[in-house]
There are 2 protein chains.
Amino acid sequence: MKRTKIKAIKKKVGEKLKILGWIHTIRDLGSIRFLILRDISGIVQVVILKKNSTAYKATSGLSQESVVEIIGKAKEEKQAPGGVEVEAAEVKVLSKSDPELPIPIAEKTKGETSQEKRMDWRWLDLRKPKKQLIFKVWTEMERAMREYFLKHDFLQIHSPKLMSAPSESGAELFELPYFKRKAYLAQSPQFYKQMAMAAGFEKVFEIGPVFRAEPSFTSRHSTEFTGYDFEISFIESHEDVMREAEQMLAYVIQAVKDKYGRAIAKEYQREIQVPTVPFPRVTMQEAKKILKEQKVKQEKSGDLNPGEEKALSNYFLKEKKHEFVFVTEYPVGIRPFYHMRDEKRPKITKSFDLLWNGIEIATGSQREHRYEVLKKQAEENNIGGESIQHYLKFFKYGCPPHGGIGMGPARMLMKLLKLASVRESSFVYRGVKRITP
Amino acid sequence: MKRTKIKAIKKKVGEKLKILGWIHTIRDLGSIRFLILRDISGIVQVVILKKNSTAYKATSGLSQESVVEIIGKAKEEKQAPGGVEVEAAEVKVLSKSDPELPIPIAEKTKGETSQEKRMDWRWLDLRKPKKQLIFKVWTEMERAMREYFLKHDFLQIHSPKLMSAPSESGAELFELPYFKRKAYLAQSPQFYKQMAMAAGFEKVFEIGPVFRAEPSFTSRHSTEFTGYDFEISFIESHEDVMREAEQMLAYVIQAVKDKYGRAIAKEYQREIQVPTVPFPRVTMQEAKKILKEQKVKQEKSGDLNPGEEKALSNYFLKEKKHEFVFVTEYPVGIRPFYHMRDEKRPKITKSFDLLWNGIEIATGSQREHRYEVLKKQAEENNIGGESIQHYLKFFKYGCPPHGGIGMGPARMLMKLLKLASVRESSFVYRGVKRITP
């Protein structure tokens, strides 16, 4: 008999069917036993009558979270969740659970188990339908993003994560022995996206892990996370990158809302806002002025600390009713050497950050594609050696003007679902003190 | 003016348009100059008349592979490639190429530049339309694969590549310092796919890098490559995994043929065969018997070396007209401890390899999900320690029967396009002696 997913049972009332899943809860009333069975699609009540002695025996002493196969008849039952239940004819136990569950799954306790403990037992925490929804949304977010890219003639690349030299700065770098030499884990696919531009791929995207040996313990940082990156050629300025990014994001958020808007509202009390395009833009100078007017404590000029990012975002949410804001005109000093500089104001880069509800979810820029200029900018930043010579060669044999962006989907999901930390939105989080499971 | 892609010019004959790209070739006849311009979509002839002195001057002394913007009028011209040409009105040079190209791009030389040299200058090699086609096909292959997965209710995961313990065997492992401890690069997402099964995700796929510190120099091996992995729950046996894999592959190859079949035939003289389902299956024992009949030199019983794989594949191509064959019933000794064993023949695993036109492109199995059995199998294989205890815990609190597969897209593409090596199908190849660019 073919399996019926739990959410499809209500269309099969009166039929005999097979369901598979985990025992969410058990309630024993003596002559009758109620199981709540859970699969990836939902939960359903299963009734086991004592008079069906085989099925009754099979479920006697069975622990919560054991995995079972049940064959039975679907019936309407107004008292049951979803309005249907299954009266079990046969029960087969596929996997027994240890009765001592390290963290509760079905129970609604006041306040969840501590995050550290839930992360130790990540796969049990992820059994909660509310947590599974995060990865259903992730899957849809990525589907829609790729659909956008493919509609717009992007090619996909998978670039190497083992590199002979740092791609960003020397700090925050994992180093490892590589046969008779050294290798580094890629901090971003930056060099290879640019290589693809030099190769004439014109528009590329990459989805893959990036690594940062950052001794950071905030809710926004991981030592390894998934990066969403794209790079496009023949741009006029970083404005073209911003335009592509905002269109893509609006497309993706619309798709997520269409598919999971109701589930997200129910589980996370979050009404998804599809952003209007264009997103608001603010220069660094204007941003600082706004923050001053708002009496926000400022750390230094030319950059925003997390508190300032939050305040600025709040301002735009309040004043422009927009969850997003691009901050532009970052000064040269705090940006990588490969960011292009403004033609008329050489201390300003043609770069931007994108804030979403208070945190930075993306950084982008037009890249410097002129060999001589790029070489000079690298030297100014004391970046030299064999490694950079290799990178510089990309620009020597004809390279179109180009730019791109790197985004963090774990942060995006954190904002999309109002989660407390990227520890919750990453399938398996990696931090300074966390390398298991 | 909006850019027109080169392949779209033929629909715009008579119109003034803007094109962008690389100078593929230049031919100077004195009063008239012919450029072949190349973008990601194709090539077109551009005519520059001496009487248009600005455009003529802009292209004087310009090297091949420089990047230009051209505004001009599209005209029919039977002699030109594609039957159209553009008469330039304005030419703007966006990026000049060094006139000394390290490897030829447009020229059809007898025999290509050596592979090593082409890999040193990978981004120039990738400018060749024939090479770009590889990554157009890769993009479509992955699009179609994901479409198949999403149609069949899979969720996507991104699992960590930094692990506290080896996921497969201790050999071929990259190790690195991780703050105050050690970490290893994932040789496969195996543990995390299984964790997702224990988490009740039921069906997952993952696309991402895997790392093998393998001192191997064959055309099939890399130290880092993209892996396509899936894992499914509630299976009856490894046969369910094989069924899912063959359906997916047939779907993907059909999609590639539909989109790029003609281009592949033209560039690679390869007629794509969409495989019929089911693929042929052969047990190890039968395979050895066939090889003996074919008088193929056999190395050892219970396993196939590359020569035997090739001969076996050839046999099935000849006898069954099928490019694929599943080899089943591998013995316990050569398979990982987590492969489930046959209920009646405990020395046989419920696993398989998939051969495509002579090489192994995938390995899969039903996994052992019973805690006590798995623990025993780990001990038999002398696999112990803290790390494995962590993994074993996945199976302690209810885990459905499950199985999965790991595939290598670079090998798949090698077979799809009849390429000589994964060095050609990887965007940027990594090997023992190759960590640049």
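This is a predicted model: local features need pLDDT of at least 70, side-chain atom pairs count only at pLDDT 80 or more; totals for chains, interfaces and linings use all residues.
Student: How many salt bridges are counted between chain A and chain B?
Tutor: A salt bridge is counted when a side-chain nitrogen of Lys or Arg lies within 4 Å of a carboxyl oxygen of Asp or Glu. Asp153(A) and Lys5(B) meet in one, at 3.4 Å from N to O. The count between chain A and chain B is six salt bridges.

Student: Which helix of chain A gives the most residues to the side that touches chain B?
Tutor: Between the two chains, 43 residue pairs are in polar contact, both at pLDDT 80 or more. On the side of chain A that touches chain B, nine residues come from the element that gives the most, helix α4 (residues 129-151).

Student: What area is buried between chain A and chain B?
Tutor: The contact involves 95 residues of chain A and 95 residues of chain B. Carbon and sulfur atoms give 67% of the buried area. In chain A, the residues that lose the most area to chain B are Trp123(A), Tyr397(A) and Ile435(A), together 10% of what that side buries. The area buried between the chains is about 8,000 Å².

Student: Which element gives the most residues to the lining of the largest cavity?
Tutor: The largest cavity holds about 200 Å³ of space. Among its 22 lining residues, those closest to the centre include His158(A) and Phe225(B). By class, the lining has eleven nonpolar, seven polar and four charged residues. Four residues of the lining come from the element that gives the most, β10(A).

Note on methods:
Residues are numbered from 1 along each chain as its sequence is written. Chains are lettered from A and ligands numbered from 1 in the order in which they are written. Side-chain values use heavy atoms; hydrogens and water are left out. Contact means heavy atoms within 4.5 Å. Buried area is the accessible area (1.4 Å probe) that two parts lose on being put together, summed over both. A polar contact is a pair of N or O atoms within 3.5 Å; within protein, one must be able to donate a hydrogen and the other to accept it, and residues adjacent in sequence count only if both atoms are side-chain atoms. Helices (H or I, at least four residues) and strands (E, at least two) are DSSP runs, numbered from the N terminus. On a 1 Å grid over the protein atoms alone, a cavity is a set of points where a 1.4 Å probe fits but cannot get out, and a pocket is an open set with protein on both sides within 12 Å along at least five of seven lines; lining residues have an atom within 4 Å of a point. Grid points are joined across faces, edges and corners, and a volume is the space filled by probe spheres set on the points. Ala, Val, Leu, Ile, Met, Phe, Trp, Tyr, Cys and Pro count as nonpolar, Asp, Glu, Lys and Arg as charged, and the others, Gly among them, as polar.
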